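Could you walk me through how the labels for this model are reached, one by one? I'd like each value set against its cut-off.

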Amino acid sequence: MESQLNFNIENSFDSRYSFCARQELDELPYSFTITDPTICGHPIVFASKGFLKVFGYSKDEVVGKNGRVFQGPKTDRKSVMEIREAIREERSMQINLLNYRKDGTPFWMLFHLSPVFSKEDGRVIHFVGVQVPISPPRRPRWSASGVVRNGANMCEEGDRVCGNTNIMFGSCRREVCSDTPVELSRVLGLLASESVLDDSSRGLGIEETCEASNLEKQKAEVAINKIFSVLTRHSELTGRFVCAERHSLPGAGILSSALNISLGRIKQSFVLTDPHLPDMPIVYASDAFLRLTGYAKDEVLERNCRFLSGADTDFSTLYQIKESIQTEQACTERQEFVLELSPYITCS
C-alpha cells in the first residue's frame, strides 16, 4: 500500500518534468511545495530545500503529507477555508497565514497558491505553494537611557514628543544620578516597561494578524515566476507541456481538482468512466483500485476497462455489464472479485 503511494507521488513529478527539474528547483532560494490534487489526500510531491529549512523538517517527513500538518491551534480556520475555495475554483491566491514549524514554533507567512495547468487539455496538474515569512512590524521600545527607539524614529533629547507616539519623557541619566526614592522608582518603572514591551513584541503576530508588506508580496510573485519558468522548460523536454494560465477549457472526461480531492477520500476500489467519450474511457481510478490491480495511474486513465479482461474472463458476465451500461441500470457481478456497476449522473 505504502509502496504504491510512494510510486504515485514520485511518478506524479517525474513523469511530467525532465530528470534535472528537481535539482534546478532545489537551487532556487525560495520556500515552496508542489502538490498533486489527483492523488488521494492531495499530498506534497516536491518540497524545496528552502521550505525544509524554514519549517525544520526533512524531505521524508514532508513528501506525501498534506499541507494541513503545518497548521496548528491558532491557525485561522477562515483562512484555511479560503485556500480550499481557491483550490476548488482552481485559481491563484495570496493570504496571510499562521503556520507552525516542526518544533511547534508558530510564525506568520504570506502563502501564495498557484495552479499548474496542462497546456494540452487545460486540466490542473499540480498546485505550487510559496511561503514567504512575514517580518512583524517594529514597535517602539525603551532603551536603558529612556529613549524611545522605533526604526528611524529616535529621540535623543529629553521632554520631547517622538513622531506620533505622543509620549513625553525625560532623561534617565538625571534620574540614575538621583538617590531619592521617588526618582529611583521612576527609573525602575522605565526599565520594567522595556521588559513588557519586549514581551509584547515577541508575541506580536501570534495573537494578532500580521499583514504582508508590498515587498513580501513582490518576493512571492518573483518566486512563483521563477518556479514556473523551471517547470515550463522541463515539461517541454518531456513533451508534456505545463503553463501558469489555462489556455483551453478542460475537455470532456477531465475532473476538477475539488472532485479529485473528494473522490480521493473514498477508500474503496473503483473507477469512473465517461460514456460520452469514444470507447468510454476511465477518467478516474482510486488508489485502492491501483493497489488491487498493480497498475500505475497513467497506465489506467483514458483506457477502456476491457484491458483488465483475460483468457479466463467469463464473457457472459461482460455481456451483462454491457447490457447494463446501455440501459443505464446498476448491476453487480462476481468475477474472481465482486464488480458493482452504477450509472453516475451529472447535473449541469
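Predicted model: local features only at pLDDT ≥ 70, side-chain atom pairs only at ≥ 80, totals over all residues.

**Labels and their cut-offs**

Q: Why is Arg 88 called partly exposed?
A: Arg 88 has a relative accessible area of 45%. Buried means under 20% and exposed over 50%, with partly exposed in between (1.4 Å probe, protein chains only). Residues are numbered from 1 along each chain as its sequence is written, and side-chain values use heavy atoms, leaving out hydrogens and water.

Q: What makes Glu 85 and Arg 88 a salt bridge?
A: Their closest N and O atoms are 2.6 Å apart. A salt bridge needs a side-chain nitrogen of Lys or Arg within 4 Å of a carboxyl oxygen of Asp or Glu, so this pair qualifies. Both residues sit in helix H5, three residues apart, which is about one turn of the helix. (Helices are DSSP runs of H or I with at least four residues, strands are runs of E with at least two, and both are numbered from the N terminus.) Glu 85 is partly exposed, at 30%. Through shared partners, salt bridges join Glu 85, Arg 88, Glu 89 and Arg 91 into one network.

Q: How do you know that Glu 24 and Arg 233 form a salt bridge?
A: Their side chains come to 1.9 Å, N to O, so they pass the salt-bridge test. Glu 24 lies in helix H2 (residues 21-26) and Arg 233 in helix H8 (residues 214-238), so the pair ties together parts 209 residues apart in sequence. Glu 24 comes out partly exposed at 24%, and Arg 233 gets that label at 35%. The structure holds nine salt bridges.

Q: What makes Lys 102 and Glu 61 a salt bridge, and where do they lie?
A: The closest N and O atoms are 2.8 Å apart, so that bond counts too. This pair links distant parts of the chain, with Lys 102 in the loop between S3 and strand S4 (106-118) and Glu 61 in helix H4 (residues 59-62), 41 residues apart. Lys 102 is partly exposed at 45%, as is Glu 61 at 32%.

Q: Is Glu 90 buried or exposed, and how do you know?
A: Buried: the relative accessible area of Glu 90 is 12%, so it falls under the buried limit. Glu 90 lies in the loop between helix H5 (77-89) and strand S3 (93-100).

Q: Why is Met 280 called partly exposed?
A: Met 280 reaches 22% relative accessibility, so it lands in the in-between class. Met 280 sits in the loop between strand S10 (271-273) and strand S11 (282-285). This non-glycine also has a positive phi, of about 50 degrees.

Q: Why is Arg 265 called exposed?
A: Its relative accessibility is 56%, so Arg 265 clears the exposed cut-off. Arg 265 is found in the loop between helix H9 (257-264) and S10.
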